[in-house]
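Let's take a walk through this protein together, from the overall fold down to single residues. Have the viewer open and follow along.

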Amino acid sequence: METSAIAERGRGQARSGATGKAVETAARAGFVARGVIYLLIGVLALRVAFPGDSGGGEQADRGGALKEVAEQPLGGVLLWLLGIGLVGMALWRLSEALFGQAGPDGQKPMKRIIAAGRCVFYAFVAYSVISYAAGDKGSGSGSSDKRTDDVTAKVLDWSGGQWLVGIAGAVVVGVGLWLIFRAVTLKFRKHLDMSGTGEKVRRTVDAVGVFGGTARGVVFGTAGGFAIAAAVQHEPGQAKGMDDTLRSFTDTPAGPWLLVLVALGLAAFGVFSWANARWRKV
């Protein structure tokens with residue numbers, strides 16, 4: 001009995017350490033970095049909608065955002081800060097996978113599995129950003145469209161590849177719908193501690209959370225739909241990365257204005273990420 005109590009106390013101390021100040025700081029830095037990237041993607045998408053003198057040649061995805069940062073004064077330093085912030089996000093998600101999330105239902109196995117998946121994703125993104133900052137210009141800044149085409153073509157050549165691409169597309173569509181549902185139903189509120197803020201601030205955070213989360217979900221869902229089309233038609237070129245997915249909105253009857261709406265939504269999600277950096281329960 002005593003041994004069991006000691007073991008449980010040890011696990012509690014480990015959990016407390018994992019969710020302590022260091023991990024909290026890492027998580028908040030990660031939200032700041034994510035916000036910068038989404039804000040820049042939104043700005044780049046606006047340039048695509050109204051190209052002006054640029055001709056619309058900007059790459060409206062993470063690679064384009066990194067290139068934009070690199071071209072600024074002290075761009076190299078900013079890239080390193082972004083990469084380190086994303087490492088912090090990955091470490092926070094790892095702590096959630098190992099010890100559970102904040103909140104009464106944070107220990108549920110599914111939540112911990114999702115946290116592990118997010119950890120892997122942010123670790124990959126952080127690696128690509130840091131590699132780019134370290135001088136590997138082929139990492140991080142590469143076209144998401146070319147990567148998507150290459151991966152889709154490779155998988156389609158496998159036995160059962162069409163099914164794999166189709167299932168992956170359906171999963172991405174599902175993620176997009178889940179993101180939209182979470183945004184419009186204000187599910188994100190339970191993760192924020194805004195008890196000390198005014199009503200105006202809370203309404204603003206709600207607005208950018210709903211708008212930004214919905215736009216993000218629409219982009220995910222549309223990209224997933226293109227992947228399903230690629231599987232059905234056995235045509236890798238039908239699959240699209242973020243840049244081509246965003247450009248596809250200009251082909252709708254709404255013309256560039258739908259892309260403008262989505263671009264503003266992605267920028268709003270960047271602002272919402274900064275709100276999470278301030279008020280997220282960690």
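**The overall picture**

The protein chain has ten helices and zero strands; here helices (H or I, at least four residues) and strands (E, at least two) are DSSP runs, numbered from the N terminus. Read from the N terminus on, the elements simply go α-α-α-α-α-α-α-α-α-α.

Before going further, keep in mind that this is a predicted model: local features need pLDDT of at least 70, side-chain atom pairs count only at pLDDT 80 or more, and totals for chains, interfaces and linings use all residues. Residues are numbered from 1 along each chain as its sequence is written, and side-chain values use heavy atoms, with hydrogens and water left out.

How confident is the predictor? pLDDT is its confidence in each residue, from 0 to 100. The protein chain averages 86, and 88% of the residues score at least 70. Residues 3–8 are another story: their pLDDT is below 50, and beyond near neighbours in sequence this stretch has zero contacts in the model, a contact being heavy atoms within 4.5 Å. Where pLDDT is low, the predicted coordinates should not be read in detail.

Of the 282 residues of the protein chain, 43% count as buried. Buried means under 20% relative accessible area, exposed means over 50%, and partly exposed is anything in between (1.4 Å probe, protein chains only). As for how the chain meets itself, take the contacts between residues at least 6 apart in sequence: 74% of them join residues at least 24 apart.

**Helix α3 and its surroundings**

Now zoom in on α3, which covers residues 62–70. Seven of its nine residues are buried, so the helix is largely enclosed by the rest of the structure. The buried ones are R62, G63, G64, A65, L66, E68 and V69.

Which helix does α3 cross at roughly 35 degrees? It is α5 (residues 109–133), and the two axes come within 11 Å. Axes here are lines fitted to C-alpha atoms, for helices over the stretch in contact, with angles running from 0 to 180 degrees between N-to-C directions. On the α3 side the contact is made by R62, L66, K67 and A70, and on the α5 side by F124, V125, S128, V129 and Y132. Sorted by type, these residues are six nonpolar, one polar and two charged. For that count, Ala, Val, Leu, Ile, Met, Phe, Trp, Tyr, Cys and Pro are nonpolar, Asp, Glu, Lys and Arg are charged, and the others, Gly among them, are polar.

V69 is also part of α3, and is buried with a relative accessible area of 7%. Leaving aside neighbours within four places in sequence, V69 is in contact with L40, G75, L78, L79 and L82. The C-alpha atoms of V69 and L79, ten residues apart along the chain, are separated by 6.8 Å.

L74 has a positive phi, near 60 degrees, in a residue other than glycine, and at 67% relative accessibility it counts as exposed.

Next stop is W163 in helix α7. Buried or exposed? W163 counts as exposed, at 68% relative accessibility. W163 and A231 are 68 residues apart in sequence, yet 7.0 Å apart in space, C-alpha to C-alpha.

H191 is in the loop between α7 (161–184) and α8 (199–233). At 18% relative accessibility, H191 counts as buried. Not counting residues up to four places away in sequence, H191 touches W279, R280 and K281.

In α8 itself, look for V219, buried with a relative accessible area of 4%. With residues up to four places away set aside, V219 touches M242, T245, L246, F249, V262 and L266. V262 is 43 residues from V219 along the chain, with 8.0 Å between their C-alpha atoms.

Finally, H234 lies in the loop between α8 and α9 (242–248). H234 has a positive phi of about 50 degrees although it is not a glycine, and counts as partly exposed at 37% relative accessibility.

How values were computed. pLDDT is the predictor's confidence in each residue, from 0 to 100.
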